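Student: I have the model open. Can we go through some strands, a few side chains and the packing?

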Amino acid sequence: MTGDAPFASPALPTPLATLTTAVPDGPVAVLRWRRRDGADGSDTTSDESTESAGNDEALDGDGAVEGAPPGWRPSAGSVAALPGPAPAQWLVGVGEGRPRDWRAAGAAAVRALRDAPGAAVGAGDGPRAATLAPARPEDLPETADDWASLALGVVLGSHRFSVKSTGPGARVTVHLDVPAEHHGTVERTVELATATARARDLADTPSGTKSPDWFATTATDLVADARGLEVTVRDEAWLAEHGFGGVLAVGGGSSRPPRFLELRWSPPDTETGAAPDAGHVVLVGKGITFDTGGISIKPNAGMADMRTDCSGGAAVVAAMRAVARLDVPVRVTGLVPLAENHVSGSAYRPGDVVRHRGGTTSEVTNTDAEGRMVLADAIAFALEELAPDVVVDVATLTGAMKVALGVRTGGVFASSPDLRTAIVDAGAAVGESWWPMPLSEHLDTDVDSTIADVRQAPPGPGGIAAALFLRRFTDGRPWVHLDIAGPARCDSPHEEVAKGATGFATRTLVEFCAARGLRRSP
């Protein structure tokens, strides 16, 4: 689908590296990874291991790698190009072999391959290809999770969102000789990596193209290969008929009307459509396709990256695709309220009172606190219509959370310690970091309004205040709020994360649902 003229629309999905256990035909580059031999940073090696690595990896007396640039060490993600005729050869560092080190090594390897001159690794516009292998036997990954982390780094490291006239670039093929007993784990991880990349695509698309309708239509196309996943898109007339006052208020200032996206997954392999005791998980993602701040307008510096303000919604869409493709044995529904928060004569105002789905009224005090307005409607809809066992909302909600936790950790608020722990554990299993945050009871009364049921942007610590506002719409039911304002965007690339939208939270959502699917009644 094309965007609104004159805006350029990306070709989605962005090509990703293909992993194969078969050696590719044609010119094949060679990438060999090296572990660091000592946790203290030293890199000494025995004569036996030197011989097994080959002469070009032999170490001289001070620990340098022969043939590599002076001073190179195999720290995680470091790359050294080795001299010699084509095909190209590189050494890639794996550091101490922690999960993040394997991800960094995989990403660094595929980026070296992707960015190399085409003549070194392939001809014309065809796929670039390489073999990725250990430099020495002792450099092999020790566990299935290590192999999976390496594979995730390769796939996500190859992602480079682009709207350039030259196109997205060639797809690369990487031969990785994964032991047969680990194939299942690696294949699952590739699906998670692909989901993360799809979330990046949706979040990074420029907002000139990305209207609420574009997002809903493109998301529908991107999940079309997920068998059994049902999708419904509702328009502004449906939203008005069903009382979505928050979504309509936020989207009222834009010439491009809001939408409401619903994705439904029920596993087909059981009589009830779900694993015993798994229940029904509802995921709710903030889908603000662009955020000017509304009448409470942002400064220019704070507005430039607001195409990614739909990162929560993008994570939900991508997670739902992966849930279906992985046949997760639990019923899951994804909801994405979509709106563009713009400035015009029809924009909602500070001082307005908005009636949400379900009847609760909100006093608007800051039109730039729009995310919680659309999430409130979707949460209320979920509780009234879907009978969920738990609701998980995810959003780039507050700058305060970015200040508190930085740009690599998401904040998790939950109605119970068990739910907080489940999110933290799910994130740790897939390489995403979460920090438990309090729902401070002494601040709860600040959410009260003198003229409405609740005050939209109460004073106090911003991340906690926003979570307490959302809690008013949960009716005391099991609920998790994920604030990803920090890690949803990246300015300084690290490990498998490139500049731009990160797709953060996508893998955690899938893992959280999968873990509930493994539950069984006592």
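Student: Which residue stands opposite A80?
Tutor: L91, in β4, stands opposite A80. This is a predicted model, in which local features need pLDDT of at least 70, side-chain atom pairs count only at pLDDT 80 or more, and totals for chains, interfaces and linings use all residues. Residues are numbered from 1 along each chain as its sequence is written, and side-chain values use heavy atoms, with hydrogens and water left out.

Student: In what sense do β3 and β4 pair, and over how many bridges?
Tutor: β3 pairs with β4 (residues 89-93) in the antiparallel sense, over 4 bridges. Two strands pair if DSSP finds at least two bridges between them. Strands (E, at least two residues) and helices (H or I, at least four) are DSSP runs numbered from the N terminus.

Student: What order do the strands of that sheet have?
Tutor: The order is β1-β6-β5-β2-β4-β3, an open sheet of 6 strands with mixed pairing. β1 and β3 (79-82) are its edge strands, each pairing on one side only. On average, neighbouring strands of this sheet are turned by 25 degrees against each other, direction ignored. The axes behind such angles are lines fitted to C-alpha atoms, for helices over the stretch in contact, and angles run from 0 to 180 degrees between N-to-C directions.

Student: H175 next. Where is H175, and is it buried or exposed?
Tutor: H175 is in strand β6 (residues 172-176). Its relative accessible area is 10%, so H175 is buried. Buried means under 20% relative accessible area, exposed over 50%, and partly exposed in between, with a 1.4 Å probe and protein chains only.

Student: Which polar contact does the side chain of H175 make with another side chain?
Tutor: The partner is the side chain of T131, at 3.3 Å. A polar atom of the H175 side chain also lies 3.4 Å from the backbone oxygen of T21. A polar contact is a pair of N or O atoms within 3.5 Å; within protein, one must be able to donate a hydrogen and the other to accept it, and residues adjacent in sequence count only if both atoms are side-chain atoms.

Student: And what is H175 in contact with, leaving aside neighbours within four places in sequence?
Tutor: T20, T21, A22, V23, P24, A130, T131 and L132. Contact means heavy atoms within 4.5 Å.

Student: In what sense does β11 pair with β10?
Tutor: In the parallel sense, over 4 bridges. I288 has A339 in β11 as its bridge partner. In β10 (residues 287-291), 5 of the 5 residues are buried, so that strand is largely enclosed by the rest of the structure.

Student: What about the sheet with β13? What is its order?
Tutor: That open sheet of 3 strands has the order β12-β13-β17, with mixed pairing. β12 (353-355) and β17 (454-455) each have a single partner strand, so one side of each is left without a neighbour in the sheet. β13 (residues 361-363) pairs with β17 in the parallel sense over 2 bridges, and S362 has V454 as its bridge partner in β17.

Student: Changing topic: how many cavities of 30 Å³ or more are there?
Tutor: The count is 1. A cavity is a set of points on a 1 Å grid over the protein atoms alone where a 1.4 Å probe fits but cannot get out; lining residues have an atom within 4 Å of a point. Grid points are joined across faces, edges and corners, and the volume is the space filled by probe spheres set on the points.

Student: How much space lies in the largest cavity, and which residues line it?
Tutor: About 40 Å³. The lining consists of A199, A203, S311, A314, A315, A488, A501, T502, G503 and F504. α5 (183-204) and α10 (311-325) are the elements that give two or more residues to that lining, and α10 gives the most, with 3 residues.

Student: Finally, how many helices and strands does the protein chain have?
Tutor: The protein chain has 15 helices and 20 strands. Of its 522 residues, 57% are buried.

Methods: On a 1 Å grid over the protein atoms alone, a cavity is a set of points where a 1.4 Å probe fits but cannot get out, and a pocket is an open set with protein on both sides within 12 Å along at least five of seven lines; lining residues have an atom within 4 Å of a point.
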